[in-house]
Number of protein chains: 2
Amino acid sequence: MQVPVVEQIFSANDQLAAANRARLDAARVFAVNVMASPGAGKTSLITRTVEMLNGDFRIGAVDGDIATTIDADRIAALGVPVVQINTGGACHLDAPMLQSALPQLPLEEIDLLIVENVGNLVCPASFKLGAHRSVLIASVPEGDDKPYKYPVMYRGVDAVVLNKMDVMTAFEFDVDYFRHGVEVLNPGLAFFSLSCKTGEGLNGWLVWLRDEIKEFRQQF
Amino acid sequence: MQVPVVEQIFSANDQLAAANRARLDAARVFAVNVMASPGAGKTSLITRTVEMLNGDFRIGAVDGDIATTIDADRIAALGVPVVQINTGGACHLDAPMLQSALPQLPLEEIDLLIVENVGNLVCPASFKLGAHRSVLIASVPEGDDKPYKYPVMYRGVDAVVLNKMDVMTAFEFDVDYFRHGVEVLNPGLAFFSLSCKTGEGLNGWLVWLRDEIKEFRQQF
């Protein structure tokens, strides 16, 4: 009885995600869905990325949160257009939420749209938004076993960023064990280890993102 | 259209949670629901607690995970009975899951049942299990703004444990700002700052837990 209902919900979401993608494509906006546990560094990576790429690309952001505008305010402080989605308690963004946010952005003046999902390592994995790429931020303090324990999230993304490398010595974190877990679930995945705090390792992530945007544009 | 359905689901869950509570009470088992973000230290606090209290109380555990038995194995290694609930992708435990786990435990030989929820700072808050107390573990690396950004979780718990105090100097974490956020949502909440790694601060948590168990027993 319940399975068909769930399938209908996902199907409706997927249809709206496809509509979002078409709208982004029409405006030549490359969109990235950024997901992570609470406190892994989503907003930090986004603000770092805006600071480093804002001269080369026109950037906009959509910020999903259960409550407060703390993250959206941090991004808006950098002078880029931001739309806040307050999910009102919901544990993830979905395609209808992004659909309602897009008209509030000047899409024709944006090259790269960064969507910050709700801090959650489970639910966001099940809801496509229509973004061109999805990125998962892990962080050293969370522990090296997370790919094993949250496989759905790790399986569905295009890149993994391991953040907070600057505190590696304070934790028992086996990078090889972590990467093995990622590789089993998602072979050949783009992987970057970095520190948003010190800036160490950010360049690899930025090169990848530039290349993805470049490739996106070549199709038109 | 949708709201009545959601209410029915919660109501059914609440009824089963009440049944779980009655069953635990009948067996004189005090149950604690432990919730947190992924990697905040749920399993570490539980193993520490088992190590320190196992001589005084007979302890059992229920371990909720999306995948793997990594956490359950860590707890079972201490020689206490553990039932693993593999949620099969679900983002939280609910009362039916606990109901199905209880018959697999020797309840008559358990004084304290520790239930480890799925690592998630959103969804577990909405599903009562029937436990007598709920505890939220926060951790320093997650950042001091979490009470503001995840208010539902902080509002619904009986105690907050701030873990990973040993790495405080490596992060910008304002304990006063954090505590203020907690206090606004949940005035007078029991609060413990500690490090499962070093053992610093554990005693306050253990004293509280002992007192809660003692108070629970006095009603019979």
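How many Å² does the accessible surface of chain A come to, and what share of it belongs to carbon and sulfur atoms? Here are some notes to read alongside the model.

1. Surface. The accessible surface of chain A is about 9000 Å², and 51% of that belongs to carbon and sulfur atoms. These areas come from the Shrake-Rupley method with a 1.4 Å probe, and for residues only the protein chains shown count as cover.

2. Ground rules. This is a predicted model, in which local features need pLDDT of at least 70 and side-chain atom pairs count only at pLDDT 80 or more, while totals for chains, interfaces and linings use all residues. Residues are numbered from 1 along each chain as its sequence is written, chains are lettered from A and ligands numbered from 1 in the order in which they are written, and side-chain values use heavy atoms, with hydrogens and water left out.

3. Fold and dimensions. Chain A has 8 helices and 7 strands; these are DSSP runs numbered from the N terminus, with helices being H or I of at least four residues and strands E of at least two. Its radius of gyration is 17 Å, close to the 17 Å from the globule rule for 220 residues, so chain A is as compact as a globular protein of that length. That radius is taken over C-alpha atoms, and the rule is 2.2 Å times the number of residues to the power 0.38. Along the principal axes, the C-alpha atoms of chain A fill a box of roughly 50 × 45 × 35 Å.

4. Burial and contacts. Of the 220 residues in chain A, 58% are buried (buried is under 20% relative accessible area, exposed over 50%, partly exposed in between, with a 1.4 Å probe and protein chains only). Among the contacts in chain A with a separation of 6 or more, 76% join residues 24 or more positions apart; a contact means heavy atoms within 4.5 Å.

5. Charges. Chain A carries 18 positive and 27 negative charges, and their mean positions are 3 Å apart. Lys and Arg count as positive and Asp and Glu as negative, leaving out His and the chain ends; each charge is placed at NZ of Lys, CZ of Arg, CG of Asp or CD of Glu.

6. The two copies. A rotation of 180 degrees, with 0.0 Å of shift along its axis, superposes chain A on chain B at an RMSD of 0.0 Å. The copies are thus related as by a two-fold rotation axis.

7. A:Glu172. This residue sits in the loop between β6 (159–163) and α7 (175–185) of chain A, and A:Glu172 is exposed at 72% relative accessible area. Leaving aside residues up to four places away in sequence, A:Glu172 touches A:Asp144 and B:Lys197.

8. Positive phi in chain B. Neither B:Arg28, with phi of about 60 degrees, nor B:Lys164, with phi of about 65 degrees, is a glycine. B:Arg28 lies in the loop between α1 (2–26) and β1 (30–36) and is partly exposed at 41%. B:Lys164 belongs to the loop between β6 (159–163) and α7 (175–185) of chain B and is buried at 11%.

Conventions. Copies are superposed by least squares on the C-alpha atoms of residues with pLDDT of at least 70 in both.
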